[in-house]
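User: I'd like to learn how to read a predicted model like this one. Please take me through its features step by step.

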Amino acid sequence: MLNGDIFNNSFINLIFIGIIALFPVINPLGSAFLISPYLKNLPLNQKKNAVKKITFYAFSFCVSILFVGPFILQAFGITISIIQLGGGIMICKTGWDFLNSDAQQITESTLNKHITEANIIDKLFYPITFPITTGAGTISVLLTLSAHTQAVTGTGYYLHSAAILISITFICAMIYVCYLNVRRLLHFLGPHGEDVVKRICAFLIFCVGLQIAFTGLLVLIKI
C-alpha cells in the first residue's frame with residue numbers, strides 16, 4: 001500500500017513538473033492574444049474547426065519532439081544547450097516584433113484584409129502552431145524532459161513518459177479553450193485593454209526567450 005502511495009505521488013508530481021515546465025514557453029493565453037487577428041473574421045463553425053486543427057498540430061508536434069527529437073539531435077550532433085540558445089533568440093525576436101507598435105498595426109491590418117476561411121488552412125501550422133504556439137522554447141523544454149525520461153529505466157521510463165503525455169494533453173486543452181474564447185475576453189477588455197494585454201504578453205514572451213537563451217549560454221560557457 002505504501003509503495004502504491006509513493007508511485008501515485010511521484011506520478012502526480014511528474015505531471016505537475018511537465019505542466020509547469022511547458023506552460024511558460026507555450027503560454028496558451030498569451031499566444032491566444034497574439035493569434036487572435038488570424039481567427040477574427042472567421043465564422044464560429046470555421047473558427048472551431050481551425051482551433052481543433054491548431055490543437056491537434058500542437059499535440060502532434062509536442063509528442064513528435066518528445067520521442068523523436070533526441071534521435072534527431074544525436075544524428076546532427078546538436079546539444080540541448082544550443083537548442084536553448086537558438087530557440088531563446090527566436091522567441092526574443094517574436095516578442096520584440098509584437099512589441100513594435102507599427103509592425104503590429106500593419107500586421108493586424110493586413111490580416112484583417114486577407115485572412116478568410118478559404119486561406120486560413122495554409123496558416124494553421126505555420127505560423128500559428130509553429131512558431132507562435134509551440135516554438136523553439138517548447139522544443140528545448142520537451143528535449144530536456146525527454147532527456148530525463150530516457151535516463152530512467154524499467155517502469156520509471158513508462159511512468160515519466162505517461163506523465164509528460166498527460167502534461168502535454170492538459171496544455172493542449174488549455175490552447176483549445178483559450179484560442180476559442182479569446183475574442184470574448186478581448187471584447188470585454190476593449191480596444192485599449194486589448195493593446196495593453198497584447199504588449200504585456202509580448203514582453204513576457206521576450207523575457208521567456210531571454211531566460212531560455214541565457215540558460216543555454218551559461219551551459220555553453222561552462223563547457
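User: Let's start with Lys93: is it buried or exposed?

Analyst: The general idea is to look at relative accessible area: under 20% is buried, over 50% is exposed, and partly exposed lies in between, using a 1.4 Å probe and protein chains only. Lys93 counts as exposed because its relative accessibility is 53%. Lys93 sits in helix H4, and its C-alpha atom is 9.3 Å from that of Ile205, 112 residues away along the chain. Keep in mind that this is a predicted model, where local features need pLDDT of at least 70 and side-chain atom pairs count only at pLDDT 80 or more, while totals for chains, interfaces and linings use all residues. Residues are numbered from 1 along each chain as its sequence is written, and side-chain values use heavy atoms, with hydrogens and water left out.

User: What about another lysine, Lys198: buried or exposed?

Analyst: Lys198 is buried, because its relative accessible area is 3%. This lysine belongs to helix H8. From C-alpha to C-alpha, Lys198 is 9.9 Å from Leu186, and 12 residues separate the two in sequence.

User: Which parts does UniProt call "transmembrane region"?

Analyst: Treat such a label with care, since UniProt annotations may be inferred rather than shown by experiment; positions follow the numbering used here and feature names are shortened. The unreviewed UniProt entry puts "transmembrane region" at 12–36, 56–83, 124–145, 157–179 and 200–221. Residues 12–36 are 96% helix and 0% strand, with end C-alpha atoms 33 Å apart. For residues 56–83 the figures are 89% helix, 0% strand and 24 Å between the end C-alpha atoms.

User: How do I find the middle of the fold, and which residues have the most contacts inside the largest nonpolar core?

Analyst: A nonpolar core is a set of buried Ala, Val, Leu, Ile, Met, Phe, Trp, Tyr and Cys residues joined through side-chain atoms within 4.5 Å. The largest one here has 51 residues, and Ile168 and Tyr179 have the most contacts inside it. At least two residues of this core come from each of H1, H2, H3, H4, H6, H7 and H8. H8 gives the largest share, 17 residues.

User: What does Tyr179 touch?

Analyst: A contact means heavy atoms within 4.5 Å. Leaving out residues up to four places away in sequence, the partners of Tyr179 include Pro28, Ile35, Val51, Ile54 and Thr133. Now turn to Thr133 in helix H6. Thr133 is buried because its relative accessibility is 0%. Beyond its neighbours within four places, Thr133 contacts Val25, Ile26, Ser31, Ile54, Ile128, Thr138, Ile175 and Tyr179.

User: Where is the backbone worth checking, and which peptide bonds are cis?

Analyst: Most residues other than glycine have a negative phi, and most peptide bonds are trans. Tyr126 and Pro127 are joined by a cis bond with omega about 10°, and Phe130 to Pro131 is also cis, with omega near 15°. Asn27 has a positive phi of about 45° although it is not a glycine. Asn27 is in the loop between H1 and H2, and at 15% relative accessible area it is buried.

Conventions
Helices (H or I, at least four residues) and strands (E, at least two) are DSSP runs, numbered from the N terminus.
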